[in-house]
Amino acid sequence: MKGEDLVKRDFMKRIGVLTSGGDAPGMNACIRAIVRCGARNKLEVVGIRRGYAGLLEGDLVRLGPRLVANIIQRGGTVLETARCEEMKTPEGIKKAVQVLQREGIAGLVTIGGDGTFRGAMALAEAGDIKVIGIPGTIDNDVYGTDYAIGFDTAINTALSAIDKIRDTAGSLQRPFFIEVMGRERGFIALDVGIAGGAEDILIPETETKIEELCLNIRRNFKRGKKSSIVIVAEGDEAGGAFRIAQQVWERLRLDYRICVLGHIQRGGSPTARDRILASKLGAAAVDALVNGKSGYMVGELKGEIAFTPLKETWEKRKELDNNLLQLMKVLAT
Ligand code: F6P
């Protein structure tokens with residue numbers, strides 16, 4: 001072993017991992033990768049339960065390669081998660097640093113979205129702790145990665161529901177308004193709209209015009225379409241599926257149905273794609289910590305591992321694929 005490696009090992013003996021914010025399928029595959037790659041690097045890996053809330057309470061569990069067996073296929077997160085208001089305060093940060101120092105945790109991997117990364121960055125700035133973030137959110141709204149862990153599973157889950165809805169929508173010749181998650185962004189709606197062959201998608205990134213939507217629905221039926229599948233992103237500025245459907249009904253008086261897919265989209269066994277992404281990002285995060293990197297999110301851009309300063313992940317805006325949006329409209333004709 002080279003001298004340089006010895007210094008790195010001496011500094012970093014124990015690392016922690018936590019999942020925070022909304023859970024996402026594939027988080028467990030990521031935890032597994034972190035634990036096993038940690039062991040490979042002779043690091044002790046400590047799991048922090050319930051995200052930052054558990055960190056503040058010192059709710060820790062020692063993890064080893066055998067303890068993360070049989071979790072790669074499970075949805076949710078075995079470490080559990082939380083949304084923690086206290087971590088947004090200077091007192092919370094101070095407390096968290098104290099717990100990490102007391103436990104001898106010199107490196108931390110945080111899996112989640114931008115809220116998770118803000119907490120991670122605050123920790124890196126407040127104490128002598130190295131942090132690496134990993135994007136894990138079904139919303140896929142994190143700058144610095146093409147895909148976040150959980151997104152692929154969520155869109156496939158939504159898709160299988162939409163395929164089923166299409167059967168009944170066509171049989172009874174009804175418009176259906178299907179609301180999908182995504183917070184203030186339309187990434188889920190766009191991908192699901194393309195893959196599900198939707199007639200329309202309503203997303204926060206583009207203005208929703210009810211008159212235009214009505215025109216499309218009417219035109220679709222005139223063209224001989226048996227149904228109209230309208231995907232509504234939960235964050236659309238015109239309101240959720242209920243409000244939009246009501247406005248359409250007031251103009252067209254067409255019998256319609258609404259389906260809010262809700263938290264179904266967050267559960268279930270992760271797809272192969274999410275498991276592979278989670279494994280790659282978990283391994284890259286451990287590697288980064290061992291090499292003294294800190295204050296970055298590790299993601300994947302154009303198939304390559306990419307590091308983005310944590311601050312950029314919330315300061316910069318990830319753009320929707322405009323070409324995909326245009327294509328969706330062409331294909332819906
Ligand atoms: O961020 C993931 C997400 O599922 C969003 O799509 C959704 O708006 C939100 O979390 C729901 O949060 P909760 O589970 O706290 O209701």
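Which residue has a polar backbone atom 3.2 Å from an oxygen atom of the ligand? That residue is Gly 182, and the pair counts as a polar contact (N or O atoms within 3.5 Å). Before we go on, keep in mind that this is a predicted model, where local features need pLDDT of at least 70, side-chain atom pairs count only at pLDDT 80 or more, and totals for chains, interfaces and linings use all residues. Residues are numbered from 1 along each chain as its sequence is written, and side-chain values use heavy atoms, with hydrogens and water left out.

Let's look around the ligand next. Its shell (residues with a heavy atom within 4 Å) includes Arg 83, Ile 138, Met 181, Arg 183, Glu 234 and Arg 266. By class, the shell holds five charged, two polar and two nonpolar residues, with Asp, Glu, Lys and Arg counted as charged and Gly among the polar ones.

Now step back to the whole chain, which is divided into domain 1 (3-150 + 270-315) and domain 2 (151-266), with bounds from an automatic or database domain assignment. Their C-alpha centres lie 35 Å apart, and 17 residues of domain 1 touch 13 of domain 2 (heavy atoms within 4.5 Å). Why does the ligand lie between the domains? Because both of them give residues to its shell.

Terms used. Polar contact = N/O pair within 3.5 Å; in protein donor to acceptor, adjacent residues only side chain to side chain.
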